[in-house]
Amino acid sequence: MSCIFCRIAAGEIPSTKVHEDELVFAIRDIRPQAPVHLLVIPKAHLGSLSELEDEALAGRLLSVAARLARAEKLDQGWRLIANSGAHAGQEVAHLHLHVLGGRKLGRMLPAAGPG
Ligand code: 5GP
Ligand code: ZN
């Protein structure tokens with residue numbers, strides 16, 4: 001098994017788990033880009049959000065993200081990101097939602113520029 005998040009799900013690679021149920025788990029990002037940076041990840045391997053069809057899983061991913069944002073007390077705001085595919089800069093090809101907060105996050109996207 002070469003997928004990093006499948007290996008984390010299987011316990012082969014250590015992680016800081018902040019949530020686990022029968023469908024999804026959540027961990028702290030190893031290279032946090034904000035004071036709170038969590039990843040909400042389905043246990044089943046899906047390459048990206050583009051492959052998601054299971055509505056129960058979709059609902060669980062979103063509701064766990066919202067619950068974690070409340071648990072982390074991100075009441076001043078937070079952001080949910082799902083990078084999907086090359087143009088979005090997706091690095092790990094296993095669906096995951098980023099939950100980011102704890103500071104002002106700035107514009108959603110950098111101003112348009114070349115490339
Ligand atoms: P992507 O660019 O695919 O949306 O985001 C992948 C994220 O996974 C990155 O923020 C990266 O820091 C995180 N990541 C990659 N490998 C590991 C790991 O082994 N453990 C944890 N906790 N996060 C990881
Ligand atoms: Zn995987």
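Start by selecting E72: at 23% relative accessibility it counts as partly exposed, a label for anything between buried (under 20% relative accessible area) and exposed (over 50%), with a 1.4 Å probe and protein chains only. What you have open is a predicted model, in which local features need pLDDT of at least 70 and side-chain atom pairs count only at pLDDT 80 or more, while totals for chains, interfaces and linings use all residues. Residues are numbered from 1 along each chain as its sequence is written, chains are lettered from A and ligands numbered from 1 in the order written, and side-chain values use heavy atoms, with hydrogens and water left out.

R28 and E72 form a salt bridge, with the closest N and O atoms 2.9 Å apart; the term needs a side-chain nitrogen of Lys or Arg within 4 Å of a carboxyl oxygen of Asp or Glu. R28 sits in strand β2 (residues 24-28) and E72 in the loop between α2 and β4 (78-81), so the pair ties together parts that are 44 residues apart in sequence. Those helices (H or I, at least four residues) and strands (E, at least two) are DSSP runs, numbered from the N terminus. R28 is partly exposed too, at 35%.

Pick R31 and E91 next: their closest N and O atoms are 3.1 Å apart. R31 is in the loop between β2 and β3, and E91 in the loop between β4 and β5 (97-101), 60 residues away. Both R31 and E91 are exposed. Then show D21, E22 and R60, which salt bridges with shared partners join into one network.

C6 is buried at 15%, whereas H45 is partly exposed at 42%.

Now try Q90, in the loop between β4 and β5. Q90 is buried, with a relative accessible area of 19%. Its side chain reaches the backbone nitrogen of G85 at 2.8 Å, and a polar atom of that side chain lies 2.9 Å from the backbone oxygen of V92.

Finish inside. The largest nonpolar core has 17 residues, and V24, V40, L52, L57, L61, L68 and V99 have the most contacts inside it. Such a core is a set of buried Ala, Val, Leu, Ile, Met, Phe, Trp, Tyr and Cys residues joined through side-chain atoms within 4.5 Å. α2 gives the most, with 6 residues. A second, separate core of 8 residues includes C3, C6, I27 and L39.

Definitions and conventions. Polar contact = N/O pair within 3.5 Å; in protein donor to acceptor, adjacent residues only side chain to side chain.
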